[in-house]
Structures are given as structure tokens and as C-alpha cells.
Amino acid sequence: MENTEHMAEGPDGAPMLACPVCDTLHAEPEVPIDHVALCRRCGHTLAAPRENAMIRILALAVTSSILMIAAVLFPFIDLSAGGLENHTSVLDAVLAFSTGLMIPLSVAVALLIVLIPLARLLAIIYTLWPLARGDRPYPMARDAFRLAERLRPWSMAEIFVVGVAVALVKVAGLASLSLGPAFWAFVALVLVTVLQDNTMCRYTIWKSLDRATA
Amino acid sequence: MSVHHMEITGPGDSLITARQAGLLACDRCGRVHDAAALACARCGARLERRDGRSLQQVWAWLLAGIVVYIPANIYPMLRTSTLLDQSESTIVGGAIDLFHHGAYGVALIVFVASIVIPIGKFIAIGYLALSLRRAGFLSAHSRHRLYEVVEFIGRWSMIDVFVVAILSALVQLGSVATINPGIAAVSFALSVAFTMLAAQSFDPKLIWDAGREPS
């Protein structure tokens, strides 16, 4: 990497870490498994390594990807009223805005609930697969992980699930509903994603990337 | 779970920031660089200098978010047609309808997600940006907490857009009942996205730079 010479070190040559939130300098900590290192000033979690985290995150990310594909392919919700029926898939929800001026919104919804979450999962799998096996990281693994981190706020599958719940309450009086496998796949996806985000210690992953390429 | 506190490098026991030490730290991974570095040597992210450009971006995104929030409330969010009648409902109208139908919990979710959170975010981001210039009535710790809440909660406003998408996809029963999205859905989605970008452009380190609190 061309700008390695710009890395700064502490007075005793030890590597330093600045809190990403408040900029306070810390000596790079050796944090034992299941311990949490907090910033001394603002309390931000700097590191929280877990036992076998790489394998666990990898397993959860693969599970999420499969659930996401199932959620898009299988029937989502069926609605019937007055002898009329309507089968809705996640794709239909995405295409709801596909008339006239609202096409960009269709694209945005597709990105927020399917494409960005999926891109994040693939980037995480790409980064962690070799690390979990103890191999050298794949090319551009750092860029892939940085992308996954950037996309995090824009990955809105869990918000979509709550949106579905609200919509179901709205139409419950109007028609009878049946929930398809895709709905439950989406619910499971949200639970797995929460579990994965809680297991993932960014600091440990960056350090592992450093070590594996050193 | 036990909490492991770390040793601080720096003179004595005082807390020193990378900036005070003449260094530049990465926002994403925390790696510290000398002041001349442009990109993070570990993760490749662009290194942010706290030179006021970040604040200009915050104001620009925030104003854009407020501007598009106005049509989002004036124009209809949903157009419903049934055998008997046709109606259009705005964001507030939709919440009120739910309330009249007795779905108080859901009415509250919709009201909080599409009125309280967006307006609260405009005020909170504006306050955070203004408080950097003159000392506010909140400490750096409280303002930092406020920033974290804004960052965490902002994306949940998108819920209303998803509700409209699902309803429009679900309720397509010909002449019996049909729901179509209204143009307000677009401006509301834009407003949520712009305020998320405003919150992301805000560098929380600025709070601590200005605070200079003895800890």
C-alpha cells in the first residue's frame, strides 16, 4: 500500500487507535475474548471480540443470503376479498411504484430491501471466507469490507418487515390474508441479521486483515 | 460481560485527541496517520479533515430534506378506490384514519415514524450543527448521545414508504378495492434519505473538538 509511511505510532513505537467517534487516542488494545474495550472519553465500543467470531459471522451471512433469495422467490402474502384474489411477492412490492414518475422509487425500494442487504452479505462473505480458514485475504478484501460498512445504514430489510406488519393491520379488516413462506423467510432474515451485527467486531476484522497481509 | 478499560497514550492521565497530537485518524477503522495522509492505510477510506466542509454538507442535506418534506405532507400518500368511493389520504390523514378504526398502536407507529421522527431529526441535526459555534445547554456527552439516537432512528422513517409499497402491491382487487401510491411517497422517501445523509455528514468529533470538557 503506497501510503503506509503516513501511519503514525505512539511515543514508544506502539500502534495507536483513535476513537472513531471522538478522536481520543488510545494505545492499540489487546482485548481478550468476550471483553469489551470502551473509549475512555465518550464510551464508544472500540472492540468486542467474540469466540470463533469469524466462523459464526460467516455462517450467519451465508444463512441470510439463502433466506434473502427464498424471500424474493417464494410467495409472500395472498389476499382475498369478495371472491377476488391477489398473490403478492416481494418483487410486486418493489414494482408497486413502477408507474410514471415513481419509477425511481421502485429502484430505491429494490435497493433498500433486497440489493443492498444482499451486496453487504456477499461483501462480508468475501472478506471473511479466507480469514476464517486462516488463508491470505482475497484481493480487495479491505475495499469489500469497507463497502459493507458503508452500506450498513442503507440496508433496510428489518424496517421493511415492520412495514409489512403495519400494512397487514391496515388491510386485515378489508380482506382475508395468508402469509406465504417468503414472509417467514424475511422475518428469519431480520433475526439472523441482528445476531450477526451483534457478533461482528469491526476492530477484530480490521486487525485480522492487517495480520493476514503482514 | 466484563468491561476492559484500556491504557491511554499521552502525557500523564489526560485524554488527548489525534488532532491535538497533530495526527489524523480514520473515521471507519480508527487507524492513526500523520497529518499529511490522504487515505487510510488500513481500510482505504478517505481521511476527513475537520475543516468545516463537513458542516456545509450537513446544512445542504438538511435543507434539502426539509424542502422535500413539505410536498410529502401536502400531496396524497395513498389513493384508495373501492366499489363505493374513491379517496386520497396524506401522511397525517392516514394516521388519523387508523386511529378512527381503533388501531391505536399502528396509528402511533405511523405517526411517530412519519411525523415525530422526521421533524425531531430536523431540529436535532440543526441544533447539533449550531451548538458547535456557541456553547449550548447540553454537555458534549449529551449531544453525542443525541447524535447517536438521530443516526440510529433516522432510517426507521422509511417505514411509511414500505407500507405504501406493500399496500399498493397487495390491494389490487379490481373494482372491489384498489390502492395506488401517491406522489408524496417519492418526496417522503427523498426527505428520509436526505436527512440520513445530513446525519452521516455530521462528524461527531466536532462535538468533542468544540466541547473541550475536562474529563
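Which residue stands opposite Leu84(A) in S6(A)? It is Ala81(A). The model shown in these views is predicted.

**View 1. Strands S5 and S6 of chain A pair side by side.** S5(A) covers residues 77-81. Five bridges join S5(A) to S6(A), and the two strands run antiparallel.

**View 2. Chain B carries an open sheet of four strands.** The order is S5-S4-S7-S6 in chain B, and the pairing is antiparallel. S5 and S6 (172-173) of chain B stand at the edges with a single partner strand each, so one side of each has no neighbour in the sheet. In the chain B fold as a whole there are seven helices and seven strands. Along the sequence they follow the pattern β-β-β-α-β-β-α-α-α-α-β-β-α-α. Of the 215 residues in chain B, 51% are buried.

**View 3. A hairpin joins S4 and S5 of chain B.** Three residues lie between S4(B) and S5(B) in this hairpin. Four bridges join the two strands, which run antiparallel. Arg79(B) has Glu88(B) in S5(B) as its bridge partner. Ser81(B) stands opposite Gln86(B), also in S5(B).

**View 4. Helix H1 of chain B spans residues 53-74.** How far apart are the end C-alpha atoms of this helix? They are 33 Å apart. At 1.5 Å a residue, the 22 residues should span 32 Å, so the two values agree. The buried residues of H1(B) are Ser54(B), Leu55(B), Val58(B), Leu62(B), Gly65(B), Val68(B), Tyr69(B) and Ala72(B). Gln57(B) also lies in this helix. Gln57(B) has 38% relative accessibility, so it counts as partly exposed. Gln57(B) and Lys205(B) are 148 residues apart in sequence. In space, their C-alpha atoms are 15 Å apart.

**View 5. Helix H5 of chain A holds a list of buried residues.** H5(A) has 16 residues. From first C-alpha to last, H5(A) reaches 22 Å, close to the 22 Å expected at 1.5 Å a residue. Its buried residues are Ala157(A), Ile159(A), Phe160(A), Val161(A), Gly163(A), Val164(A), Val166(A), Ala167(A), Leu168(A) and Val171(A).

**View 6. The second largest pocket takes lining residues from chains A and B.** Its volume is about 580 Å³. How many residues line this pocket? The lining has 21 residues. Lys170(A), Thr80(B), Asp97(B), His101(B) and Ile179(B) lie nearest the centre. H5 (157-172) of chain A supplies at least two lining residues. So do S4 (78-82), S5 (86-89) and H2 (91-100) of chain B, each with at least two. By class, the lining divides into eight nonpolar, nine polar and four charged residues.

**View 7. The largest cavity is lined by residues of chains A and B.** Rolling a probe the size of a water molecule over the atoms shows where empty space is left. The count comes to three cavities of 30 Å³ or more. The largest has a volume of about 80 Å³. Its lining comprises Lys170(A), Met77(B), Leu78(B), Ser89(B), Thr90(B), Ile91(B), Gly94(B), Ala95(B), Val110(B), Asp160(B), Val163(B) and Val164(B). H2 and H5 (159-170) of chain B are the elements that give two or more residues to this lining. Seven of the lining residues are nonpolar, three are polar and two are charged. Lys170(A) lines this cavity and is also among the residues nearest the centre of the second largest pocket.

**View 8. The second largest cavity is lined by residues of chain B.** About 50 Å³ of space lies in this cavity. The lining is made of Pro118(B), Lys121(B), Phe122(B), Gly154(B), Ser157(B), Ser191(B), Val192(B) and Thr195(B). Which elements give two or more residues to the lining? They are H3 (104-130) and H6 (184-201) of chain B. Three lining residues are nonpolar, four are polar and one is charged.

Notes: Residues are numbered from 1 along each chain as its sequence is written. Chains are lettered from A and ligands numbered from 1 in the order in which they are written. This is a predicted model: local features need pLDDT of at least 70, side-chain atom pairs count only at pLDDT 80 or more; totals for chains, interfaces and linings use all residues. Side-chain values use heavy atoms; hydrogens and water are left out. The expected span of a helix is 1.5 Å times one less than its number of residues. Buried means under 20% relative accessible area, exposed over 50%, partly exposed in between (1.4 Å probe, protein chains only). On a 1 Å grid over the protein atoms alone, a cavity is a set of points where a 1.4 Å probe fits but cannot get out, and a pocket is an open set with protein on both sides within 12 Å along at least five of seven lines; lining residues have an atom within 4 Å of a point. Grid points are joined across faces, edges and corners, and a volume is the space filled by probe spheres set on the points. Ala, Val, Leu, Ile, Met, Phe, Trp, Tyr, Cys and Pro count as nonpolar, Asp, Glu, Lys and Arg as charged, and the others, Gly among them, as polar. Two strands pair if DSSP finds at least two bridges between them.
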